[in-house]
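Have the viewer open as you read.

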Amino acid sequence: MNWKQSLGSFVAATALAASATGQDNWSYSGTNGPGNWGATSSVCANGSMQSPIVIEGTEPVYLNRLETNYLVSPLVMHNERRTVRFDYAPGSKMKIGTKEFELKNFHFHTPAEHRVLTTSYPMEIHFDHTAADGSLARIAVFVKEGAANIAADELWPNLPIEPDQSSRRAEIKFNARDLMPNERTFYRYMGSETTPPCTEGVNWYVFKAPIEFSSQQIAVIRGIMGENARPLQPRNNRMILDALPN
Ligand SMILES: [Zn+2]
């Protein structure tokens, strides 16, 4: 192999390594769309506990109450091209039984990713939590079209509308709790992140009660992010628990 060939194979290998680890090389449509996310991370294609799924055939059970103790946080939003993410200041906790998870961020999907029986919502909010031992918990809150949401009214004028733009408004304080329903009954199942690398072992808590946004509020964020819902994934015999109020 002469130097040109060896340089060529080095460049090819580097490009291959970059695309294998390149988390950025995916989208919601086209050749990098969800059907080809396996090229970014094999678990997206071969995992057996992927999300989102249809919530149906649930097992009613009494589970520990889910408690959220969220603090008011400064507003730090990022336009990540595929979603708008709001990073949360440390110290806000979600507790289920004795297990505690810390809220890291919340972000938006249009339309909703999970489906409940035949009901598809126009939007879903994910609240990403991590425990001290590294385990992951996600709360999903559905949004249905209805009255304007007061909390969103506060956030929307500050949304970063340019790709990769961040919006930091330290003077605006926000509590993620204001984007959750009062009613805390939920479905629980084991799944994955819904974006590459599609990491499994995620404890999903899908709230039954939707909150309301106006059609205009939904249209504004959809206009910024575009459609960013991963298609429904095979359930593969997983249990979906229907937590009864206790
Ligand atoms: Zn999400």
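## The largest pocket

The largest pocket holds about 420 Å³ of space. On a 1 Å grid over the protein atoms alone, a pocket is an open set of points where a 1.4 Å probe fits, with protein on both sides within 12 Å along at least five of seven lines, and lining residues have an atom within 4 Å of a point. Grid points are joined across faces, edges and corners, and the volume is the space filled by probe spheres set on them.

Its lining has 20 residues, with Trp26, Glu80, Thr83, His107 and Thr195 nearest the centre. Strands E7 (99-109) and E9 (123-131) each give two or more residues to this lining, and the largest share, three residues, comes from E7. Strands here are DSSP runs of E with at least two residues, numbered from the N terminus. By class, the lining has five nonpolar, eight polar and seven charged residues; Ala, Val, Leu, Ile, Met, Phe, Trp, Tyr, Cys and Pro count as nonpolar, Asp, Glu, Lys and Arg as charged, and the others, Gly among them, as polar.

## How to read the model

This is a predicted model, in which local features need pLDDT of at least 70 and side-chain atom pairs count only at pLDDT 80 or more, while totals for chains, interfaces and linings use all residues. Residues are numbered from 1 along each chain as its sequence is written, and side-chain values use heavy atoms, with hydrogens and water left out.

His107 is buried, with a relative accessible area of 10%, and His109 is buried at 2%. Buried means under 20% relative accessible area, with a 1.4 Å probe and protein chains only.

E7 and E9 run antiparallel, joined by eight bridges; two strands pair if DSSP finds at least two bridges between them. Glu102 has Thr130 in E9 as its bridge partner. Eight of the nine residues of E9 are buried.

Asp128 has Arg138 in E10 as its bridge partner. Four residues lie between E9 and E10 in this hairpin, and Gly134 in the turn has a positive phi of about 90°.

Methods: Buried means under 20% relative accessible area, exposed over 50%, partly exposed in between (1.4 Å probe, protein chains only).
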